[in-house]
Amino acid sequence: TRQWISVPASCQATIEEVNTDQIQVLDSQLHTNKLKIGHSRGNRFTIVLRNVAENSFDTAKKIAEEILKRGVPNYFGTQRFGIKGNTLRTGQELLNGEKKIEEIPRQRRKFLARLALSSVQSALFNAILNRRLQENITHNVQLGDVLQVIQSKGPFVSTEPDVDQVRFDSSEVMTTGPIFGPKMKMPADQMLEFEQSFLTHYGLTSEDFCKFRKLTPGARRPLLLWLEDLSVAEVDSGLQFQFDLPSGAYATVVLREFMKDVSNTKSSEHSK
């Protein structure tokens with residue numbers, strides 16, 4: 001993988017010390033602004049999938065065409081939850097009071113606490129998205145759904161599902177799932193009960209996220225990931241995929257749509 005990362009300007013004198021047999025710094029530049037979480041507009045990927053099955057190119061092209069029409073489930077990738085789910089467990093322990101935030105080492109407390117708590121938010125979102133996929137209602141507007149206007153990003157509650165379904169089908173609005181927190185736009189009617197049932201299943205309440213309101217403010221996340229460009233090409237070593245993703249979306253989630261049908265064994269990735 002070849003990518004830009006940001007580090008504090010104070011690290012400039014020691015950047016070359018990063019170089020190892022496996023890691024090489026190709027370039028470094030000072031940015032005019034301090035970069036913070038959320039400043040990334042997105043990522044561009046070029047990924048080669050090796051060890052593919054016979055006729056995988058034709059299969060991959062068909063899958064790509066379907067993705068461009070219907071989108072991809074906007075799951076959080078499994079890397080979000082830590083090795084063997086350790087990050088997720090820490091977040092659950094913080095929310096249910098089994099672990100205190102002061103028990104996290106001070107030098108990394110805010111970062112690790114935010115990561116762990118957001119892991120729980122992500123797991124709840126994934127569970128709700130998975131259920132909606134099972135019930136075939138990711139592309140169907142429900143009474144009380146929180147929809148997001150694609151152009152302005154503004155959320156609103158659907159009171160007329162039939163009217164909003166037309167707007168969804170014309171790519172004016174999108175369905176969303178919860179990132180639980182005190183500032184999250186709440187659904188209504190049947191969808192309020194639907195989403196709250198997942199908190200109950202996890203032994204949580206909406207108030208639990210208020211205990212860490214600065215770290216878990218809450219938001220809505222689109223249920224589907226729409227790719228404007230997605231290309232597949234045959235290369236000597238397998239298949240090459242190229243696509244752009246917005247910040248917060250996972251390339252592994254997109255590749256999973258192809259893996260089960262075109263991969264012969266495990267994959268190797270090359271991204272930039």
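**Entry 1. A cut-off before I start**

I call a residue buried when its relative accessible area is under 20%, exposed when that value is over 50%, and partly exposed in between. I am looking at a predicted model.

**Entry 2. Other salt bridges**

How many salt bridges does the count come to? I get seven salt bridges. Side chains of opposite charge can pair when their charged atoms come close.

I looked up Arg167 next. Arg167 forms a salt bridge with Glu172, and the closest N and O atoms are 2.9 Å apart. Arg167 has a relative accessible area of 23%, so I note Arg167 as partly exposed. Glu172 is partly exposed too, because its relative accessible area is 35%.

My next stop was Arg70. Its salt-bridge partner is Glu66, and the closest N and O atoms are 4.0 Å apart. Both residues belong to helix α1 (residues 56-70). They are four residues apart, about one turn of the helix. Arg70 counts as partly exposed because its relative accessibility is 37%. Glu66 is partly exposed as well, at 41%.

I also took a distance from Glu66. Glu66 and Ala249 are 183 residues apart in sequence. In space, their C-alpha atoms are 19 Å apart.

**Entry 3**

I turned to an open sheet of three strands. In what order do the strands stand? The order is β1-β9-β8, and the pairing is antiparallel. The edge strands are β1 (42-50) and β8 (230-235), each pairing on one side only. Neighbouring strands of this sheet are turned by 20° against each other on average, direction ignored.

I followed β1 to its partner. Nine bridges join β1 to strand β9 (residues 238-246), and the two run antiparallel. Within this pairing I picked out Asn43, which stands opposite Leu245 in β9.

Which helix lies across β8 and β9, running at about 175° to β8? I find α1 there. That is the helix that holds Glu66. Helix α7 (residues 251-262) lies across β1, β8 and β9. It runs at about 150° to β9.

I started with Thr87. Thr87 is in helix α2 (residues 86-95). Is Thr87 buried or exposed? Its relative accessibility is 18%, so Thr87 counts as buried. I left aside its neighbours within four places in sequence and listed the contacts. Thr87 is in contact with Arg80, Phe81, Gly82, Leu115, Ala116 and Ser119.

Gln165 came next. I place Gln165 in helix α4 (residues 161-169). Gln165 is buried because its relative accessible area is 16%. What does Gln165 touch, not counting residues up to four places away in sequence? I list His139, Asn140 and Val141.

Phe212 lies in the loop between α6 (206-210) and β6. Why do I write it down as buried? Phe212 has a relative accessible area of 14%, and the cut-off for buried is under 20%. Not counting residues up to four places away in sequence, Phe212 touches Leu94, Leu95, Ile101 and Leu117. I also took its distance to Val18, 194 residues apart along the chain. The two C-alpha atoms are separated by 35 Å.

**Entry 3. Cysteines**

I searched the whole structure for disulfides. A disulfide is a covalent bond between the sulfur atoms of two cysteines. The search finds zero disulfides. I still looked up Cys11 and Cys210. Cys11 has a relative accessible area of 27%, so I note Cys11 as partly exposed. Cys210 is partly exposed because its relative accessibility is 28%.

Technical notes: Residues are numbered from 1 along each chain as its sequence is written. This is a predicted model: local features need pLDDT of at least 70, side-chain atom pairs count only at pLDDT 80 or more; totals for chains, interfaces and linings use all residues. Side-chain values use heavy atoms; hydrogens and water are left out. Buried means under 20% relative accessible area, exposed over 50%, partly exposed in between (1.4 Å probe, protein chains only). Contact means heavy atoms within 4.5 Å. A salt bridge is a side-chain nitrogen of Lys or Arg within 4 Å of a carboxyl oxygen of Asp or Glu. A disulfide is a pair of cysteine sulfur atoms within 2.5 Å. Two strands pair if DSSP finds at least two bridges between them. Axes are lines fitted to C-alpha atoms, for helices over the stretch in contact, and angles run from 0 to 180 degrees between N-to-C directions.
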